[in-house]
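Q: Please take a close look at how the parts of this chain pack against one another, and lead me through it step by step.

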Number of protein chains: 2
Amino acid sequence: MATTGRVTLPIEVGIDEEVKVLMQRLGADAVRNSDGTELPALVDELAAKVYSTYFPARGDQEWAVANPETSTHLYLMSPRTPARGNVVEIDIMEGYLREQIQPDTEVDLARFWQVIDRTTGEIVDFADWEITEGGLVRVNNAVAGHVYTVNFLARQIWDGTQMYNYITNNWDEDPKRHKERPYNVRQDKVWDRVRSELDRWLSEHTEVDVVRFTTFFYHFTLVFNDKRKEKFVDWFGYTASVSPEAILAFEAEYGYAITPEDFVDEGFYNCSFRVPSKAFKDWVLFQHRFVTSRVRELTDKVHASGKEAMMFLGDNWIGTEPYGPHFKDTGIDAVVGSVGNAATCRMISDIPHVKYTEGRFLPYFFPDVFNENGDPVGEANVSWMAARRAIVRKPLDRIGYGGYLSLAIKFPEFVDRIEAICQEFRDIYEAAEGKTPQNSPVRVAVLNAWGSLRTWQTHMVAHALAYEQTQPYVGVLESLAGLPFDVQFLSFEDAMNGALENVDVVLNVGEAGTAFSGGRNWADPQLQAVIRDFVARGGGLIGVGEPAVLSANGAYSQLSDIFGVDREQSWSLSTDRYPNLEPNHFITSTEVGCGCGAGIGQISGPGAGKVRGALEADVTGGARYWVPVTPDVQVLQMNGVSVEVAAHDYADGRAVYFAGLPFNQQNARLLQKAIYWAAGSEDVYAASAHAADPRIDVAVYENGSVFVYNSSLETVTSEVYNVAGKTETVELEPLGSIWFNH
Amino acid sequence: MATTGRVTLPIEVGIDEEVKVLMQRLGADAVRNSDGTELPALVDELAAKVYSTYFPARGDQEWAVANPETSTHLYLMSPRTPARGNVVEIDIMEGYLREQIQPDTEVDLARFWQVIDRTTGEIVDFADWEITEGGLVRVNNAVAGHVYTVNFLARQIWDGTQMYNYITNNWDEDPKRHKERPYNVRQDKVWDRVRSELDRWLSEHTEVDVVRFTTFFYHFTLVFNDKRKEKFVDWFGYTASVSPEAILAFEAEYGYAITPEDFVDEGFYNCSFRVPSKAFKDWVLFQHRFVTSRVRELTDKVHASGKEAMMFLGDNWIGTEPYGPHFKDTGIDAVVGSVGNAATCRMISDIPHVKYTEGRFLPYFFPDVFNENGDPVGEANVSWMAARRAIVRKPLDRIGYGGYLSLAIKFPEFVDRIEAICQEFRDIYEAAEGKTPQNSPVRVAVLNAWGSLRTWQTHMVAHALAYEQTQPYVGVLESLAGLPFDVQFLSFEDAMNGALENVDVVLNVGEAGTAFSGGRNWADPQLQAVIRDFVARGGGLIGVGEPAVLSANGAYSQLSDIFGVDREQSWSLSTDRYPNLEPNHFITSTEVGCGCGAGIGQISGPGAGKVRGALEADVTGGARYWVPVTPDVQVLQMNGVSVEVAAHDYADGRAVYFAGLPFNQQNARLLQKAIYWAAGSEDVYAASAHAADPRIDVAVYENGSVFVYNSSLETVTSEVYNVAGKTETVELEPLGSIWFNH
């Protein structure tokens, strides 16, 4: 039955009739403008909430241009430059875009710049370098054959998102467009202006119900190169949150000076894959506190004007930290974000302390997809397939689209498709009565250096973009986002402070040396002891890739005794390995009625080729050369000398190792079964509602309803077990679903 | 024309006529017995040298059994055992074979045993552990959740090679066979006995011309498990060279105590892939000096009896170190070793200070190959193909076979084949007039932590056995063994002491953290500066796999500025990469007339799939996720995001990177061209005698002869350039060859 609501439509001027029809077809109850579109006068007639974008850190360009000293800053590193003799000249701007970056030589160079010998790691004495007339940094008394870099403070004279839009849409030709300068709200003058401008705007825009902040004050790190192409993008980056004012305020508050190198971080700029330093963690909280307190001043004004404050999760979102300790103080009513996949959907829908969340679905109504060669229906299906897995587990409250509606309506099949998606979204939301379905009693924790601050955000570089190298690990998050488990994100400190008391299975996922695997944290004997104790007393441990890795004391993974496998660093090639191949393990076995493989595992002899059970893990790009290191570990999948899946009993607990788990439904099922096995709860799995075929997902609600949905683009026939005590057989078309109500 | 000589035949009792015929057909001028065969009386009639095996460290079993305190020792580590509470009991013999290993509890346990907390790396106080009546080690005051191991001294009561032969041939049933105990010549009583026994034996064996020592005193590390299967094998291992006597003598000489952990080395036992510690390097030289001085006493006796002393390169060869500083003092006349491939062949033929070298060719006349399902002719061909590449560059003086002749003569096609091989060997030797062919003027050095001590021995675990993980690196050695270059093996100390003055191109090859890549050596700024200076002044640098890797100061490879590529450790995924793809580079281009690919390189766009030039490097198993880090590096081959081959100009020099180079003829050609390119000598390559097809090798002798040979099992037609100034076209059958004499 067609219902309405929970849907936001982007609208624009000149297509009033189409807007009206679409509002009705999609059941939309809110409208919005987009970057570069105006709300039509029509909005007054529509029985809908009106959202309007608002840019607090770059919306006021006339003023910004008149006050250039208000620009934001960022820290950058020069190229690594080898010295051939005792003098080396470094072109710090090599590869940077002068339209965006302006080295700030007005500051106290001794305090805010650094030259570092990257061969020794030593800081070069300030007396030993100077800036030449041509803007180069000349190091005197260099050591020949050493490599030098400069950490320099620069003004950011072009906002990242606006730069991207400007260059992508080639606005050089458009006299109405200018390069927008971001300004820094830490300056009193700026902050006064931002507040008064918002007051003015609120009073002038009575038609607006929801102020959609896009976003607040500091942009994630986005740096372009001298060819106007993207040079560096870190969606979590704090590089552009720096300024002399902030750095001095930090020192006053924390009692120590944060240095340029604390931000430049050997050129890695504290990307979230780096094990965070104390200084950087302090800085994040320092800015989080500052940003959230200033956001509150703005949301108070919004509320005073009778409107709602919505935050876009992106662009200038740095410091807001929706999973940080001060987000609850922002006064933000709602968060909207782009849904790239299940994990990014959960990142939005799990945000606490807001009244509602909204997912902006793909595809964006932009010409890159909406053209005669594009496949908008296909993209909508893939997007919905991923998002639905997450939405079922933890619903978004609303969905919407973005971009140019005038473009989308030229594709009637697409409109048909999103009409159906909007309806299915409402059906799920309403059948669930706004609640989440029942989760497994097995409680899962993802252990990493960031803990809850990066909830659903681990292994992510740029929002929802795919990176070949991260697929084996981000796939675990994508799997979990659609599985019926309570998932916590815990830090190593949390684990040492007793947080594992409320956990059944711990996951540690990622490459050696990353914050997600843990890197140097594993040098802490207390951490190791806590995990050993947890497993020995009956807990489950699952490692993916290079878990607990810190090569030391005879082991690569410091928990190799628990996993029963470890990486062959070529230091123990002399040791013979006799893997115990186990093709019929609970984890890799399939169930009767599954169309995806033989019911009984097959295994071939050791040596060349693959060895695997019936459910095959795809470990593409995962860790290599992990080998058995305890005599009793069971090897469930092997390729040449490399163990790809292993299971190990350890005292009263259990551990599972996967070389990698890029996302697909079969890998998700393997992870699900591994979690049950690690928890010693195979019987709970057997008694749970689930489908024989891993492509079919099942959700059970408290009210007895059971939702069975095909998370694939194929037609699937499968048995579904334990549907109100019975086995049902379903045949579901691609993306199809069925409700069993009792 | 059939010639004779330079061939050794294994003979045995009971086939006198066949022996005579075969001696003639193969042109053999020497005969030998094998392990377990007797020389027939016939030897007196044969106009041939007679070799006889001699076992100085285990040949005297009646005496050994009567003097059990003379056994050798070895250091072993217990399993890594986690403590659940404050007491942990460790079963040190778990997984070891009691027939081979006997923990030595008679020694001063505080001095010769250690218990180590492998979670902290700390040594447990001697007062805190004890040996239980059941032979377990009980640690009191353990820390729950920490992992403990025991370093224990054990008696070796079964010689490694004899154990292998005994178990493999199931001699349990044979009442004439006993488990042979090795004895330790460092004990005066033993040494007296060994000398007097040799005196007796020499006087009794007048028929023997050559005493073939098999071998001397200490066996390479070979440990079996409790199921009588190989547990640990390190052909270079010094683990079984230890003894209380030696350890105390070392301390007296070096002024510091070498500890159990110096040998156990976290359980890696100083395998040659480990960056060697100072203590271990001292120990190797200490034992090398001892062993060679004692060998000299034996060879003096051999010479006094009018015989020659030949050393078998294997078994109990530890301490002889043919490339060590004291080998010249041994008095050894000849070395014989098994030829597994080109690199092992060069390891034998390049040994200095001996009168001649001999290669024992494969297959060994044993039933594992000589049976109705075996392919002895095929194995002989593959072996000859590999060995010939090396022999041409640096001839062995003799070749031979081993095993049971009675078995081989049942395969007449095999006898035909080795008759031809023996003749071709002599033809090459004689045409070359015993000299090596002309090498390229480009001088190559392989830089590693061992330097010349491990000449042709890098990346080797067990003699000539293939390990999947080492293939991408050992392939470089295999390539070099058959290429026309002067190759030196230099240590990092050598490089810092000026050795690069005589080098044009430096190779650094292997995995991160290994002795061959260099590991912690790269923390030395002086080493980095020396290499940078070498390249900047015009030198060439070639890295394979993970060269110069030590993750520090913003780089994974400390020479990433030279290579222009570095590993993506997931810390700079935020940095965009724009590889400069170069399909038409000198290194990867083919020449007209080659049948192996298009003359002009093909390249597809970046992104999915492979990008490569005309000559494709096979980098199977090599390093992944190496990416461009300088704007000017040329990417010659790429797979997804991973650079597989790159070339970079650096000041006046050049660098080349390969992700891996497992051996094949095309990879060998790529390496050859990379060496010329890195040296800036493309013109020298163009003017050199070489074939268009990489499967064809060419050697040019000082006397003007040119040897052209097909190093493949296919028929190949190819142009050969610069044969006395002309281009010749050859068609060579599999393994075929042709001489051009001028």
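A: The domain assignment divides chain A into domain 1 (57–186 + 216–305), domain 2 (443–687) and domain 3 (690–740), and everything said here refers to a predicted model. Taken over C-alpha atoms, the centres of domain 1 of chain A and domain 2 of chain A are 38 Å apart, and where these two domains touch, 14 residues of domain 1 are in contact with 21 residues of domain 2. Between them the two domains bury about 1400 Å², of which 69% is on carbon and sulfur atoms. On the side of domain 1, the residues that lose the most area to domain 2 are Phe236(A), Phe273(A) and Val275(A), which together make up 48% of what that side buries.

Charged side chains also take part, for one salt bridge is counted between domain 1 and domain 2 of chain A. The side chains of Lys281(A) and Glu493(A) form a salt bridge with an N to O distance of 3.9 Å, which counts because the cut-off is 4 Å.

Packing can also be followed between two helices of the chain. Helix α1 (residues 16–26) of chain A packs on helix α12 (residues 412–431) of chain A at an angle of about 40°, their axes lying 9 Å apart, and therefore α1(A) is oblique to α12(A). From α1(A) the contact draws on Leu22(A), Arg25(A) and Leu26(A), while the residues from α12(A) include Val415(A), Asp416(A) and Ile418(A).

Terms used: Residues are numbered from 1 along each chain as its sequence is written. Chains are lettered from A and ligands numbered from 1 in the order in which they are written. This is a predicted model: local features need pLDDT of at least 70, side-chain atom pairs count only at pLDDT 80 or more; totals for chains, interfaces and linings use all residues. Side-chain values use heavy atoms; hydrogens and water are left out. Axes are lines fitted to C-alpha atoms, for helices over the stretch in contact, and angles run from 0 to 180 degrees between N-to-C directions. Helices (H or I, at least four residues) and strands (E, at least two) are DSSP runs, numbered from the N terminus. Angles under 35 degrees count as roughly parallel, over 145 as roughly antiparallel, 65 to 115 as roughly perpendicular and the rest as oblique. Contact means heavy atoms within 4.5 Å. Domain bounds come from an automatic or database domain assignment. Buried area is the accessible area (1.4 Å probe) that two parts lose on being put together, summed over both.
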